[in-house]
Amino acid sequence: MTIGNRIAAARRAAGLSQEGLAERIGVSRQAVAKWEADASLPGADNLQELARALSTSCDELLTGTPPAAGGGADLLPLLKSMQALIESQEAGRRTARRRTRWAVGGVCLAALLLLGAAGGYYANTLNALRSRVEKLDSRMAGIDGAIDSQLASLRASIEHSLHQQASIVASYDWRVESSTSQQARLWLTATPKESAEGLAASFSLTPDGGEPIVAEGSPAPGGSFTATILVPLKNEYNSFRVLVQFARGETVQSEELFSEYGFVEQFMPTVHLWGEGITGSATNVEQGGRVTLHGRYSLEIQSASTDAGGWPVECAMELLEDGMVVWSEPVDVSDFAPRQTGADTAEQISGITLPGQTLPDLLLDPGKTIRLLARVTSSTGMQAEDSLLLWQAK
């Protein structure tokens, strides 16, 4: 018996028409008819309303099995039943869809062969039949897409509910409290779903590179735990994940709280360097000749995305041959510095653009790779850079 059969049976047992049931739960009669025909599934909210209106349980509507006494508060079996039901219905629908398309395709192929054998007289009929088959296939694809979207939404809702049921954390929060040129102070808090005497907590930060950092949690009001982790402002800590672990006696449980990407980058200025019609001309390359570069470049500098990242205080343009500096020139970034205005308030610009700067007139080695580099240092000591390939070694 399907869920649609069980809904219909429960409705008749309650002495209700489809219209009467629809009115009780606040949906259309067509929605009830689709549920009973297994053409669609009721959402989680509608399923609960159905159970109330029909004086039964969600689990019994889904599986046909009455819930165990005293087990009504546990949603985990119910959610897993809904998940299994969706997967079963999807598999059945895919099989039915394949059979329908094979059947339609077989009939159309036979008709096309018969009409084709009759000669050009039936050419218009063949084209009309092909057009109808294409329209039918398009309509089936549209219906499939709508149903897939509905099932995907319902599945996502169930998976989220399953995660919430299995989670050991009632709530958590985090923020960056302060930073220096070396590290950022990360404040964390987490509240367990079940508090108990003797419960302890610890937080761990695991980066993509670098060493994990662990901090013991301190008890806080409301049964939560807090901790502070000092995150090194190095590239290997740019992405990381944070976990909390609750321990009581020999029972230890852990759960990932969140993942962070681009963490270190927000404390650094951003640099963007691009070329404008840059070309190189070489002479006597075989005899170790020289190369001259022509063209212009533009430079854009932005302050860090967080105030804790400070502002740019130094910038240098460098020309490198195989990594060795052969030319260097400073760029004035003094406009970034905060200025006192009004009632002792500080203002600073967030970015500058230097367009159309001419490349230096130098004779360079064509046997070496030549790059233009922009390096910016912030007031907190963080450095950011961008480079532009000007000449590839031959």
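**Entry 1: contacts and overall make-up**

I began with contacts, meaning heavy atoms within 4.5 Å. Among contacts between residues at least 6 apart in sequence, 62% join residues at least 24 apart. The model is predicted, so I noted its terms: local features need pLDDT of at least 70, side-chain atom pairs count only at pLDDT 80 or more, and totals for chains, interfaces and linings use all residues. Residues are numbered from 1 along each chain as its sequence is written, and side-chain values use heavy atoms, with hydrogens and water left out.

I then looked up the elements. The protein has 7 helices and 18 strands. These are DSSP runs numbered from the N terminus: helices are H or I with at least four residues, strands are E with at least two.

Next came burial. Of the 394 residues, 35% count as buried. Buried means under 20% relative accessible area, exposed over 50%, and partly exposed in between, with a 1.4 Å probe and protein chains only. The accessible surface comes to about 22500 Å², and 50% of that belongs to carbon and sulfur atoms. Such areas come from the Shrake-Rupley method with a 1.4 Å probe; for residues, only the protein chains shown count as cover.

**Entry 2: helix H2**

I went to helix H2, residues 18–25, and listed its buried residues: Gln 18, Leu 21, Ala 22 and Ile 25. Seen down the axis of H2, they fall within an arc of 100 degrees, so they line one face of the helix. The arc is taken from the directions from the helix axis to the C-beta atoms. Glu 23 and Arg 24 are exposed, on the face turned away from the buried side. Gly 26 follows H2, and its phi is positive, near 75 degrees.

**Entry 3: an open sheet**

I traced an open sheet of 4 strands. Its order is E1-E2-E6-E5, with antiparallel pairing. Strands E1 (169–179) and E5 (218–220) are the edges, each pairing on one side only. Two strands pair if DSSP finds at least two bridges between them. E1 and E2 (residues 183–192) run antiparallel and are joined by 9 bridges. I picked out one partner: Asp 173 bridges to Thr 189 in E2.

**Entry 4: the nonpolar cores**

I looked for nonpolar cores: sets of buried Ala, Val, Leu, Ile, Met, Phe, Trp, Tyr and Cys residues joined through side-chain atoms within 4.5 Å. The largest has 54 residues, and those with the most contacts inside it include Phe 203, Phe 246 and Leu 299. Strand E10 (residues 290–302) gives the largest share of this core, 5 residues. Another core lies apart from it, with 19 residues, among them Ala 10, Ile 25, Leu 54 and Cys 58.

Leaving aside neighbours within four places in sequence, its contacts include Val 271, Trp 274, Met 317 and Ile 352.

Tyr 297 is found in strand E10. It counts as buried, at 4% relative accessibility. The C-alpha atoms of Tyr 297 and Gly 275 are separated by 4.3 Å, though the two are 22 residues apart along the chain. Beyond four places in sequence, the contacts of Tyr 297 include Trp 327, Pro 355 and Leu 372.

Val 244 is found in strand E7 (residues 240–248). At 1% relative accessibility, Val 244 counts as buried. Val 244 and Ile 168 are 76 residues apart in sequence and 9.6 Å apart in space, C-alpha to C-alpha. Beyond four places in sequence, Val 244 touches residues including Val 169, Phe 203 and Leu 257.
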